[in-house]
Amino acid sequence: MRDAELNLEPVRELQKIRGIPFAQGTGYRQLVVTGPHGCGKTTLIQSIGGWPEEGFLDLTESRWWRSRILTFRPREVHLGFPFRGYSQALALFERDFLEAPEALVLEPKRVHLPQEPSRWSFVDWRRRVVFEFLLPPAEEVFESRRQRASFQTHPVDAEVSLEKTAEELRIYGEIARLFHRAGLTVYVRDGFGAPPHRIAEKRSPGAAGSTRRPRRSLVETTFKRIIRSDDAPIVEVPHGQTLTGEQIRIPVSALPVEIDLGFQALQVHQDHPLAPGTEWSPDLLIFDPAEYRRGISGFTRLGSGQSTRIGQREASQRISLPLPSDVRPWLEMSFEGDYLCLADLHSPKGCEVREAGEPVLLADRAHRLARLKEIFGGSFDRLEPKGALECLQAVNAQLESSPLRRANRDGEPGGLIELPDHLVPVLVGDLHAKLENLVKILTENRFLDELERKRAALVLLGDAVHREESQLAEMGSSVVAMDLILRLMRALPGHVVYLLGNHDSFSHEVTKRGVEQGRLWRTHLHRTRGERYVEEMRRFYRLSPHVALSKDFIACHAGPPLGKVTRQAVVNIRHQPKLTHQLTWIRLRRPGKPTGYGKRDVVAFRRALGKKKSTAFIVSHNPLSDDATYWQNAGGIKGHHIVYSARSDRLAVFTRIDGMMVPLEYRVEPLTRL
């Protein structure tokens, strides 16, 4: 540990978690493992059966300790550090750090740290997780990385040096000390397989774990008094009952209920499937019925065993859904499987709970499903060849005359489409022939209603074709999916936008596990629809945009181009094959995969398109795990999000709620079979 220059002392009381020694009292779900490359993070996480995906925390970001990344524990995380001369944090696998001609200077004052709880705080965020810093001697880490480089599994090790390894260990050691002094729970392992050690330094006054006894907040004591009790009364039918410092339980069978907070009312419904025979876990949905009636709105989902707090920063502000995590808590809502539990914490006038009447969500969804069938001519089946050709030709004619696109130098529609600011965007990720998923989206929320009222725009981020999970050579489902999308584009011109993805092609490059899906796609269309349809589809690919933007977002299929780019180059993308390839094929640079795009490329792309650094940049193409549907601030890049809509059980979209681009997640059901 001489590289990090930390004064360490052994932890005397240990416990074993799946055979690995940890400090006594450390909870399994508290563990967050960090450290530089090659220090054994992945090995430790795998040994205790932790979360398989790496996370990233930008230490300069406000309230990083509330990041969704830390929801999934135990897991390994990489940290983003503030260095002198760099306005944004850098990870140690980024080019700016790896290629720096001399050692970068860390700026600890720019690191945000959780503070002692205030009177109104409920959670002491310093105690939420336990950080395990893995910091073996530099010589041992260097030798481990040098051997690993021979297997070419981690390209970041290709030019590893002892000096750079020591520098990385020193940086992580400085942060470990900073965390410790601020009161976070920190342990250090100073060798491969070594037990945890404590940092033998004094903490700051008031830090968690210091000699000073921390002050208990009013909300903490109130919550302990109310929520810890197991004898909360059960209210079978709430008839305008007002809670003031009380707790009740409501059977799920009594839902929906409405909760009047005085300045705003919220409803709680059970999320029922529309398709008979669909088996779902009984999730609850919390939403504002007034917002729902007005247009596209947000909601918060509660699964069994989950809870959330309702509150405000200021009394004049209404609650935004999905719920922010930094509100002043007034009401605790938890779902205990059979009961909805409500506890008034410290609301000014109490909360009134009453019946909400008939559940409207299911009836509205049934109506939208019927409306979709009307739009598609009465069924979700594939079109006959003649009708399919006419539909595709009509869409191509619309694309040629779109007023939302600047012409390229050939006088044809350019590669950039600019949506009017008043339209609410609904961004859908890769669908990969999942027709059910698109139908599901259009029956939810007020998406279809607002599209028909011409107050929203559906933006599909490409790759609607070609199965991803199984039956990779099957093309019939791709035909039906494109038929549905093209009929939508024809029925709602200017309000359904299709951005090109890497699978939107007949190219031999489009393969999946050895299956030449691009070639098979062309062959199938030629056999079932004829050569004229194939040529019209080529025309559709040529006329479709690659990038969409509005006042608060930029979207494309894969990611930003590397290096310098201009707005005019995007408009003239037909003459820019390299730019075309990057926008549709590139992937996010991650540990072990240093050839993709990173923070610098996202910043440059925003600047090239004339957008602020806070503008959301949203892509699909590159799901970061096998089960999630969206990733916010992906790769540690603030405002950079990934959305994926091709799962068999769940899907996500991004839309604008209260002026912010936020993700909404829905559960898939077989609606086209009704």
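This briefing describes selected strands and helices of one protein structure. The model is predicted, so local features need pLDDT of at least 70 and side-chain atom pairs count only at pLDDT 80 or more, while totals for chains, interfaces and linings use all residues. Residues are numbered from 1 along each chain as its sequence is written, and side-chain values use heavy atoms, with hydrogens and water left out. Helices (H or I, at least four residues) and strands (E, at least two) are DSSP runs, numbered from the N terminus.

**An open sheet**

- Six strands form an open sheet in the order β10-β19-β12-β13-β14-β15, with antiparallel pairing; two strands pair if DSSP finds at least two bridges between them.
- β10 (241-243) and β15 (300-302) stand at the edges with a single partner strand each, so one side of each is left without a neighbour in the sheet.
- From one strand to the next, the twist averages 25°.
- Strands β12 (residues 257-260) and β13 (residues 265-270) run antiparallel and are joined by four bridges; E258 has Q267 in β13 as its bridge partner.

**Strand β29 and its partners**

- Strands of a sheet pair through backbone hydrogen bonds, either parallel or antiparallel.
- Strand β27 (residues 616-619) pairs with β29 in the parallel sense over three bridges, and the bridge partner of V619 in β29 is I642.
- Strand β28 (residues 630-631) pairs with β29 in the antiparallel sense over two bridges, and Y630 stands opposite V643 in β29.
- In a regular strand the side chains alternate between the two faces of the sheet.
- Strand β29 (residues 640-643) is covered on both faces, with H640 and I642 buried on one side and H641 and V643 buried on the other; buried means under 20% relative accessible area, with a 1.4 Å probe and protein chains only.

**Helix α9**

- Nine of the nine residues of helix α9 (residues 435-443) are buried, so α9 is largely enclosed by the rest of the structure.
- Among these buried residues are E436, K440 and L442.
- Just after α9, N445 takes a positive phi of about 55°.

**Helices α8 and α11**

- The axes of helix α8 (residues 385-400) and helix α11 (residues 476-491) come within 9 Å and cross at roughly 50°; axes are lines fitted to C-alpha atoms over the stretch in contact, and angles run from 0 to 180 degrees between N-to-C directions.
- Residues of α8 including A388, L392 and L399 meet residues of α11 including L486 and M489, where contact means heavy atoms within 4.5 Å.

Key. Buried means under 20% relative accessible area, exposed over 50%, partly exposed in between (1.4 Å probe, protein chains only).
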